[in-house]
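Me: I would like to go through this model with you, one topic at a time. Please keep the answers plain.

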Amino acid sequence: MSPLSRREFVAAGVAAGAGLVIGFYLPHRGGPQPEFFSPNAYLRVTPDNKVTIVVARSEMGQGVRTALPMILAEELEADWKQIEIEQAGASTLYGDQTTGGSASIRTTWDPMRKAGAAAREMLISAAALTWGVPRSSCTAENGRIKHAATNRSLSYGELVSKATTLPIPTDVPLKQSKDYKIVGQRLARLDTPAKVKGEAIFGIDFRMPGMKIAQLARCPTIGGKVSGFDDKESKTIPGVSYVGKIGDAAVAVVADSVWGAMEGRRVLNVTWDDGPNKDLNTAAVRESLKQGASKKAASLYSAGDAAKAGGRRISAEYELPFMAHAPMEPGNCTAHYQGTKCELWAPTQVPQDCRDSVATAIGLDPDQVKVNVTLMGGGFGRRLEHDYAVEAALVSKAIGAQGINAPVKVIWTREDDMRFSTYRPTSLHQLSATLDGSGLPAALIHRIIAPSISGQKGQPVPGGVDPDLPDEAGPVYAIPHYTIESVVTETPVPLGWMRSVYALQAAFALESFIDELAVAAGKDPLQYRLHLLAKDQDLQYFTTTWKTARMRGVLQLAAEKAGWNKPLPAGHYRGVACFGCFASYMAEVVEITMEHENAQPRVQRVVAVVDCGQVVNPSILEQQIQGGIVYGLANALRAKITIEKGRVVQGNFDDYAPLRMDETPAVEVYAVPSVEVPTGIGEPSVPPIAPALCNAIYAATKKRIRALPILSS
Amino acid sequence: MAEITLRVNGSERKVSVSGETPLLWVLRDTLELAGTKFGCGAGLCGACTVHVEGNPIRSCSTPVSQVAGKNVTTIEGLAASNGLAAGQLHILQAAWIAEEVPQCGYCQTGQIMSAAALLSKTPNPTDEQITSAMNGNLCRCGTYERIRKAIHRAAGAIERPREIAKIDQEKRGNGGAR
C-alpha cells in the first residue's frame, strides 16, 4: 500500500467519514444443501443456528473482540448469547486491518452495521418467502424472524438455505440509536473467562509439535552490527541446535526449550561493530531539539495572525523524554518457513504489514505468507512494528537451510523489549502567548519540535508534517490568533507510535501553558478554559472539525463531578486539563496530596469525562479510560528512556517502573451522552493526565513542571 | 540434566531438566501449563506467580531444584486445590469475571494467584492489606481498581460458606481466545 502507510490510510479513511471500502465477497451459496449463509466477510450463519462474527482487528486488551461484534449483532437483531467470534488473520477482505490510532470502532462502525443490516434484511426476505407473506409483516428479533399475525417464527439457522439464494442488498436501512438493544449496554467481554482461567492463548503461549525456540543477541549500540561471534560455548548447552547470524545486527541461538535458548544466548560470545552512534547520548539528542528550534516550521494550524497581536507576552518551553511501551507480554512470534510458503502466529497490530515485511525479508510473495493473529498481552503501539515477525521468519528459514524444517518461536526478554523498542519521540515545545486586557490570550503560538516517526521509517512526511500530527495536536481553544507549527528533527534512536502518540507531548505542553496563563491572569484555571470555549465555534484542523461546545461540555461535566467549586480537604490540591485527539474530547480533574513540596505527589482521585459520541460498551470504555490514566500517570511520573554511548540504559521494571497498585488512584469515568458517530477511546484519556497532575502540583507548591518525567525534574 | 520430581496441581510430575532451570519454564515449556506468564524474568512484575506449599512465589526466579518434592499450584489447578470440581471456578476467578477485571489479561493469572494467597491467610482484607499483597504484581493495562473490587467481592462471598458464584461457562467461554 504505497505511498500512504497503513496507519495514514486509517487516518484518511476516518477523516473522510465514509469508513473504508470493504471487500464484500461473493456469498457462499453452496449446492442444494448450503453449509452456511455468509452475505459478507464478517458474518457466517450455519443451519445449526451458530452465528459467527469475524473480528478483523487485533485484541490487545481494548475489547475489540467484544465491541466490534456488538455493532454487527445490533443491526442483525441477533441473540447476543448465540454469537461466536472468529479472529481474522491477514486478509484481503477487510481493507486495512491495522489496529491503532484508536480507530477500530471508527473504521468498522459503518461496515459492521451494514454487514449486520444486510444479513437481517435477507433473513427477513427469506422468512417472508418461506411463509408466503409480505416482508413488511415480518420482523427480526433476538435471532429469529417473526410473523406476529400468525405467531410463527424461524431461527436464523433455519433460514440459511433460503437466505443464500437471495441477492445481497446494497442499500440497507440502519437502526436509530434509540432502538439499540446491544450497542450501549454493559455487556460482559467474551474473552474474560479464558483469561482468568489461564486458558487464553497469547502469542508467547502458542506451541506446535517440533517447535524450536530462538533468542537473538542484538547489537546493543543503535545502528551497530555483528562483527563476529564464537558459538562454542552456546553449543554445549543441551538442546541448542543452531547458532547463526540473522541480518546484520543479530545472532540467533535456536534450542528445543526456552531456557536452553536463553542459556545458549547468555554464553554466546559476540563482538560488535558499534557503528556511527557509539558516542550518542541523551544530551546530544536534547541538543538536536534545541537546534531544531531555529529551523523553519511547517504550519499545522493557523487562525488570524499571531505575530500581530499586541499585549503582555508570556512564553515557556516544555520538554519530554523518550518513553517505551513496555507491554506485559514481551515480543514474540512463531513462524514456519517451508520453501514456497511461510505461516506465522503473530501477536500483532498489523497482520498485513507482517505479511508484507516477512515476504520481502524471506523472498516470497505476500500471498505465500499466512499470518494468524493471536491474543496480545498489551500492545500500546509496540506491536505496530513487524520486527518480531521478520526475525521469526528469518530464523525459521535459516534453520531450514541447515536441514531443520521446523516452526520457530522467537521470544524476547524484558531487557530485549526495553532496549530494542521503538520509542515515543522526545520533544521540545515552545509556547508563547499575548494576553489581552482581560488576561485572555489574544494570540498563542505552539511550536512542536520533534523527530518524525513516519519520517524515520521512510514514509512520506508531506510538507514537513508528520502524518500523525493531524490526529494528535489539534487546537483546543477558540483563540483569535492561534498558530500550531512543527519542526521535524532527526535522530538515530528508533521511534515508534506509543499510546496517544504525539498527543501526549502536545497536551502536556499546551495544557500546562494554559495553566500558566491563567495564573498570570489571576484567574481560576477551569473558568479560564471555559472562557476560551465560551463561544460555539468550529475549529477546522486538517480533516477534523473540533467543536468548542463539545470540549466545553466535557470540562463542565468534569468540574461538576469533581466538585470544582467546593472546598477541598486541608492539604488537597486540584488540577485540570482537557484535550482532543482521535476525534474524541476529554477532560480530567486530578486531586493530590503532597507531604512536602519535593515529595512525590499522591494522586487521590481522578475524574475523567469523555465525549466520544455513541458509547458502544460502557464497561469497556471505563476500562480504557481508567487504564489510559494509569498508563499516563506512569508516563508523567517516571517514564524516561535515556541513551548512553549509543545504548538504551533502562532494562527492566526496576529502572523503568510502571505504576503499581499503591500509586493508583480511584478514577471516576463519565461519558457525555451522545448519539454522534463513535470516535476513539483507547488513547484520548492518556494526554490530559500529565498536565492535570502538573497543574495540581503547581497548585500545591507554586512550582511549574516544564519537563517530564516529574520525578526527575 | 537431572531427574526432578514435583507435585504440580496435585499430580506427581517427573521432569528431566537442569536444576537451575527456572520453575516458570518447567511449567510452561515442559509441563505445558501456559497459564503462568513470563513478564520480566527478574521477580519484578509478578506475572509468573504460583504457589509453593500455599505461598506465592515468583516462578521466573525460582530454580526448579528448590521446589523438588514440593506442592506447586498454578492457575490451572487453583480451583481444584480449593476442593472444587473440574469446571468450577475459584471464588476469585468468579469475582474477576463479575467485576470484568481483565483487559489484555496477560498479568491476570499472576494477579489471581497473589490474591488467592492473600485470601487464604486474610479472608477479609482491608484496602491496605490488599495493596500490600498485590503491589508486586504489575498491570500495564491499569486494572488495579477493578482488581481491588474483585478481591473485596470474593472476600465477601467467602463469608458465605462454600458458596461459589455460578458463572455461565457456555461454549463461547473462551471468547475465541484460541
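Me: Where in chain A does F380(A) lie?
Reply: F380(A) is in the loop between β17 (369-373) and α9 of chain A. Helices (H or I, at least four residues) and strands (E, at least two) are DSSP runs, numbered from the N terminus. This is a predicted model, in which local features need pLDDT of at least 70, side-chain atom pairs count only at pLDDT 80 or more, and totals for chains, interfaces and linings use all residues. Residues are numbered from 1 along each chain as its sequence is written, and chains are lettered from A and ligands numbered from 1 in the order in which they are written.

Me: Is F380(A) buried or exposed?
Reply: F380(A) is buried, because 31 other C-beta atoms lie within 10 Å. A residue is buried if 20 or more other C-beta atoms lie within 10 Å of its own, exposed if 12 or fewer, and partly exposed in between, with C-beta atoms placed from the backbone.

Me: And what is phi of F380(A) near?
Reply: Phi of F380(A) is near 55 degrees, which is a positive value in a residue other than glycine. A583(A) also has a positive phi, near 70 degrees, and is likewise not glycine. A583(A) sits in the loop between β24 (572-581) and β25 (584-593) of chain A, and A583(A) is buried, with 27 other C-beta atoms within 10 Å.

Me: Which residues does a cis peptide bond join?
Reply: A cis peptide bond joins L708(A) and P709(A), with omega about 0 degrees. P709(A) belongs to the segment after α17 (689-701) of chain A.

Me: Turning to the core, how many residues does the largest nonpolar core have?
Reply: The largest nonpolar core has 279 residues. Such a core is a set of buried Ala, Val, Leu, Ile, Met, Phe, Trp, Tyr and Cys residues joined through C-beta atoms within 7 Å. Those with the most contacts inside the core are L123(A), L344(A), A389(A), V395(A) and L693(A).

Me: What does L344(A) touch?
Reply: Not counting residues up to four places away in sequence, the residues that L344(A) touches include C354(A), V358(A), A389(A) and A393(A). Two residues are in contact if their C-beta atoms, placed from the backbone, lie within 7 Å.

Me: At what angle do α8 and α9 of chain A cross?
Reply: Helix α8 (residues 351-362) and helix α9 (residues 387-401) of chain A cross at roughly 35 degrees, and their axes come within 9 Å. Axes are lines fitted to C-alpha atoms, for helices over the stretch in contact, and angles run from 0 to 180 degrees between N-to-C directions. α8(A) passes α9(A) in a right-handed crossing. A crossing is left-handed if the near helix is turned anticlockwise from the far one by less than a right angle, and right-handed if clockwise.

Me: Which residues make that contact?
Reply: α8(A) contributes C354(A), S357(A), V358(A), A361(A) and I362(A), while α9(A) contributes A389(A), V390(A), A393(A), L394(A) and K397(A). By class, there are eight nonpolar residues, one polar and one charged. Ala, Val, Leu, Ile, Met, Phe, Trp, Tyr, Cys and Pro count as nonpolar, Asp, Glu, Lys and Arg as charged, and the others, Gly among them, as polar.

Me: How far apart are the axes of α14 and α15 of chain A?
Reply: Helix α14 (residues 525-532) and helix α15 (residues 548-562) of chain A have axes 10 Å apart and pack at an angle of about 160 degrees. α14(A) and α15(A) are therefore roughly antiparallel. Angles under 35 degrees count as roughly parallel, over 145 as roughly antiparallel, 65 to 115 as roughly perpendicular and the rest as oblique. Their crossing is left-handed, and the residues in contact are L526(A), R529(A) and L530(A) of α14(A) with R552(A), L555(A) and A559(A) of α15(A).

Me: Moving to chain B, where is E20(B) found?
Reply: E20(B) is in the loop between β2 (11-17) and α1 (23-30) of chain B. E20(B) is exposed, with 12 other C-beta atoms within 10 Å. Leaving aside neighbours within four places in sequence, E20(B) is in contact with P63(B) and S65(B).

Me: Finally, how many residues of chain A are in contact with chain B?
Reply: There are 56 residues of chain A in contact with 48 residues of chain B. The largest share of chain A's side, seven residues, comes from α16(A).
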